Structure formats: structure tokens, C-alpha cells
Amino acid sequence: MQPSGIIEGMTSPALTITGLTKRFGASAVLSGIDLTVPGGSLLSLVGESGSGKSTLLRIIAGLEQADAGSVLFGDRPVGVGGIARVKGTNKPRQAGAVPVGFVFQKPVLYPHLSLEENILFAQRLRAQEQLDRDHYLSLVDTLGLGEHLDKKPAQLSGGQAQRAGIARALVRKPTLVLFDEPLSSVDEHLSEAIRTDLLTLHRQLGFTGIYVTHTPDEALAMGQQLAVLEDGGLAQVAAPGQVLAAPASAQVARLLNPLYNELRVEVAGQSVAAGISAHGFERADADTPGTLPVRVLGVLAHTAGNRYSLETTRAVDLSYQEGTVRLPAGSPLTAVMPAVPHDEGQRLFLALREGALHCFSGQS
């Protein structure tokens, strides 16, 4: 769906990445990445540190050379100087290539320039480009920078400096914008406010974007699509709700929910991988079919209640979307539930919330 409120002329084509590969020495950081970001949409890219997120973004922007593959925005090349180059091709810069807005982890602001001069720096390097003053004023107003335009970077808070970096990336109205963990050094309260402003600007401007983060909640909040990068490849690409409901692997599930129980269950006599979110449990009043009999091993305070360390006291059959699995006795579990007093050694019964159990039948 095309975002509403798009500035005239700002409709974006799709970003298409095909067979993108990058090696550093003998190590393959990216291996044959195929990814399409629909025009006007924002895709969240999440992965553990070292998974290749920033490298992928830098290749798209033309700041790194790929060893193989292509990056196109519609039918046009992408990147600084007009091309996401492949190593060894020595292709010339191409006229009419797509300009890219890039928001870095930390804003690089010139200390001797005012906030306004920093925002307009790249714009003023291109004397032939006319500044859209109305767009500029709307941008600084949305980002809450209007009262700080005369200040130098040393007078700005960390959040204000990062907002300035966002404004600088968007002031030329690029149709492709890349965000490389822009809020990783901002506290959670301020991060949430800036994310809200970014989503407002995305709706207004309609750019196509990739938003890189290592924070699960941020990834789920920012993208219409969610791509999970794992060991240099894409483990899953889908709508955020679909990835949560049906993670492609235990690794994907654990990445999006660090308190994730990775288990072994039996399916038709075979041991396979499965998992249950720590938030997928609730108290049951009695030992009925499908409930989990457990013993409390430990209790810790948690923001959502208490965090319980448990183990199953006997094997139990559990239903899920594709059938029934058997969870063995002695299986360790972590559960986050409302803070009801439970003593170590106490036995109780738990029920699973709908969709909490994931069975990865293809993984032995």
C-alpha cells in the first residue's frame, strides 16, 4: 500500500538486490542475498552483531564494493557516485543515478557549523539544486529542531544531534533512505519518540527505506516487512506479525525474543527442535489435558511480572497447528508471568497461550 500524504513527485520504485555477495578474506560476510523492498515501504533488517547488516547497507549506498550481485532502484543504479559497484569492474560513475539518504549510527556534525548549516551542508554543495524551503521547515518542525537551528553541535543533546542527522539525510527528499542503527546510542524513552517521528516522515514523504537494528522491538515497530539476517544469509523475510507467529527457525525466534525456550520434542517418534516464548505461559487451575506440570526452580523479578525457572515433572502431549508433540519430563523452561508468590520447589500447572509453541520439524 502506498503511504498517504506523499509529496508530489516522491513516489518510490522498488529496491531490488540480487545475488549480493561480499567476502573479507576467506570469510563470506554476505552470501547471495536476494531481497526486494517494495516501493514506498520501509523494511526492518535485524540480525546479531557481525551478521552483515551494516555491510549490506554500505554496499547498497555504494560505500563498499560487492564481490558479486547487483543493486537496482527501479531500473536505475544506486549509490554514491551512481553505482553499487562490483569489485574488479571499474565501472564509471553513471549520470542520473539514484541519490541515497543515509542515517549513520552516530551523526557526523561539523563542530564549527550551526545546526542549520549542518543540515543544509550537502544541499549547499550542490548549488544547482533548489532548496525546497517549505519541505525543510516542515522537516525541522516534525523533528522538533526549530528552536535549536542556531546552536552548535556541542550545545545539542545526543537525541537532538541524531535528529539533525535524520534531517540532513531527508532534506534533499531522497527516494531511497538507509538507516544504520540510528538509535543505538539513544535511551529507550527518547528512542521511542524519534521512531514515532520517523514513521510520520515516512508516511509524509513515501520514500523506500531499509532500517537496520539489533533491537527486536524496534525492528517489529519500524518495518512493514521484517528481514532477518543470519550468518550472511536471509533466514526469513515476511511481515513482522508473520515472523512472530511462525518463525522460520529457533534462531529467528530467539533473536526476536531473547527469553525463548529452545526445546527438544518428539514428533512421531522423532526428536525435533521446538520452542516456546517465555511470555507464552499462563497459570492453569488443574492438571487437565494439554497443561504442563512443572516444578519451580527459581524466581526473579521481571518488568512484566516474575521470571520463573521451571522444569517439567513428567512428559506431556501438547497440541499445535500441525498436530501433537510430546515434551519430555525434566525439560527446562523459563516463564514470565504476573507476580504471584511461588516458592522454590512448588509444583504448579501451566497452560500455553495460542500460537506459543513453534515446532521446527525440518530441524533435527
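How many bridges join strand S14 to strand S15? Eight bridges join strand S14, which covers residues 292–302, to strand S15, which covers residues 305–312, and the two run antiparallel. A strand here is a DSSP run of E with at least two residues, numbered from the N terminus, and two strands pair if DSSP finds at least two bridges between them. This is a predicted model, in which local features need pLDDT of at least 70, side-chain atom pairs count only at pLDDT 80 or more, and totals for chains, interfaces and linings use all residues. Residues are numbered from 1 along each chain as its sequence is written, while side-chain values use heavy atoms, with hydrogens and water left out.

We can now turn to strand S1. Strand S1 (residues 15–24) is joined by seven bridges to strand S2 (residues 27–37), and these strands run antiparallel. Thr 16 stands opposite Thr 36 in S2. S1 and S2 form a hairpin with two residues between them, and Gly 25 in the turn has a positive phi of about 65 degrees. Strand S1 also pairs in the antiparallel sense with strand S4 (residues 68–73), over five bridges, and here Ile 17 stands opposite Val 71 in S4.

Terms used
Helices (H or I, at least four residues) and strands (E, at least two) are DSSP runs, numbered from the N terminus.
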